[in-house]
Amino acid sequence: MKQISMLDLRREYEYMKDDIEVAIRKCLDHQQWIMGPEVKELEGKIAEYLGVKYCIGVASGTDALVISLRALAIKLKGEEYFSKEDEIVTTPFTFTATGDAILRAGATPVFVDIDPRTFNLDAIAAEEYLRRYGKKVAGIIPVHLYGQACALDKIMETANSHHLFVIEDVAQALGGMWKDKKLGSIGAAGCFSFFPSKNLGGFGDGGMIATNDEEIASLSRMLRVHGGKDKYNVEHVGYKSRLDTLQAAILLAKYKYLDEFNTRRREIAKVYNNELKGIEEIVLPEEQPSACHVYHQYTIRVKNGKREKLKQFLQEKGISSMVYYPLPLNKMKVFQGRCRIHGDLSETEKAAEEVLSLPVEPLLAHEDVAAIAQAIKDFFKKDK
Ligand SMILES: *Cc1c(COP(=O)(O)O)cnc(C)c1O
């Protein structure tokens, strides 16, 4: 039986093999493994692509979040870390790293419920929390989940009126837009991940901080190399978190395909939307008019407790699907006693029970997309 996986990195490699091998060979020739020329080149390319002044390559998306938060603690408070009294508002419906970074920067995450239409932080609920407890809050981290923008106008307006910073978690949304702006270029900083499965993925870990703020840029550059401009006389509690030259070279080779691949993701999403729209028991992803969704994931909701059965049915037909995320952050052990919760988070809980992500990788064959859609239709027909 033919297997359709969520992601076939081997196929992607075959597609751009020559570009990647030339890029790696260049590194083998120059042997500048740490902060080699490719790191700067990639930082320049992504900065231009996003329309920001500075990009700083780091070792992962998680480190991008930790380092930009630390830079803000130094800039705004003159302290190395935030304190537990400093709260940072974010969504509980995200990958662990978002909340984990807040803890590692010394602050307390405040989990606010999501908007059921987008799975993203509910800007109205966030504002409600801020109206009541705004004095304790230092910033907001909206996550552009699955590749779709949060309601950034509202979030920026709320943040500005309470004098808060915004760090965008753009790990899943490189290339996505809010109106005419690239995601990651709107908040004080945008944090990207080059984890292999992301829309632009390396052959290992990697990340990037984007910002227009010179001080955040300069502090982030220090923090990624021990914490100083001079590594033999260091000022801050830093990390060793550089983007590898080799990863930067591979990412530069793959970067050429980013827009083409994001367009293909959108096309696949459109096929799914057309094929699946008549099925009552599923809810299709809803693209917001102000957002250009880049479908890091194509995620449906399966109603009436049928998700696991559908997942199983697809598996029996050789089709993979995934649940992102089965457990909201507020339910994880690590956040117990270390977070605050606003409201009952009922939409988050519901989403965690209903979501199912289908294969949407750019090189997925047309007939595979058709087969997946057909299998889902068969499931609901048989089920009736
Ligand atoms: C992948 C991801 C991260 C972390 O990136 P890494 O490169 O894996 O450290 C952070 N936030 C979100 C939403 C992610 O999907």
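Is the crossing of α3 and α9 left-handed or right-handed? The crossing of α3 and α9 is left-handed, where left-handed means that the near helix is turned anticlockwise from the far one by less than a right angle, and right-handed means clockwise. This is a predicted model, in which local features need pLDDT of at least 70 and side-chain atom pairs count only at pLDDT 80 or more, while totals for chains, interfaces and linings use all residues. Residues are numbered from 1 along each chain as its sequence is written, and side-chain values use heavy atoms, with hydrogens and water left out.

**Helix packing around α9**

- Helices (H or I, at least four residues) and strands (E, at least two) are DSSP runs, numbered from the N terminus.
- Helix α3 (residues 37–50) packs on α9 with the axes 8 Å apart and an angle of about 40 degrees; axes are lines fitted to C-alpha atoms, for helices over the stretch in contact, and angles run from 0 to 180 degrees between N-to-C directions.
- That angle makes α3 oblique to α9, given that angles under 35 degrees count as roughly parallel, over 145 as roughly antiparallel, 65 to 115 as roughly perpendicular and the rest as oblique.
- The contact (heavy atoms within 4.5 Å) is made by E38, V39, E41, L42, K45, I46 and Y49 of α3 and by T245, A248, A249, L251, L252 and Y255 of α9.
- Helix α2 (residues 17–30) and helix α9 (residues 245–255) have axes that come within 8 Å and cross at roughly 150 degrees.
- Helix α2 is therefore roughly antiparallel to α9.
- The crossing of α2 and α9 is right-handed, and its contact residues are D19, I20, A23, I24, C27 and H30 of α2 with T245, L246, A249, I250, A253 and K254 of α9.

**Aromatic pairs and charges over rings**

- There are 17 aromatic pairs in the structure; rings of Phe, Tyr and Trp (its six-membered ring) pair if their centres lie within 6.5 Å, and planes under 30 degrees apart count as stacked, over 60 as edge-to-face and the rest as tilted.
- F313 and F379 form a tilted pair, 5.3 Å centre to centre with 55 degrees between the planes.
- Because F313 lies in helix α11 (residues 307–316) and F379 in helix α13 (residues 366–383), the pair ties together parts that are 66 residues apart in sequence.
- F313 is buried at a relative accessible area of 13%, and F379 is buried at 2%; buried means under 20% relative accessible area, exposed over 50%, and partly exposed in between (1.4 Å probe, protein chains only).
- The charged end of K182 sits over the ring of Y49, 4.2 Å from its centre, and that of R340 sits over the ring of Y133 at 4.8 Å; the criterion is NZ of Lys or CZ of Arg within 6 Å of the ring centre and within 35 degrees of the ring normal.

**The aromatic cluster and its backbone**

- Ring pairs link F93, F95, F119, Y146, Y324 and Y325 into a cluster.
- F119, in the loop between β3 and α6 (123–133), has a positive phi near 70 degrees without being a glycine, and it is buried at 6% relative accessibility.
- Y146, in the loop between β4 and α7 (152–161), also has a positive phi, of about 65 degrees, and is buried at 3%.
- Y324 and Y325 are joined by a cis peptide bond with omega of about 10 degrees.

**Helix α5**

- The buried residues of helix α5 (residues 96–104) are A97, T98, G99, A101 and I102.
- These residues pack against α4 (61–77), β2 (87–90), β3 (108–111), β4 (137–141) and β5 (165–169).
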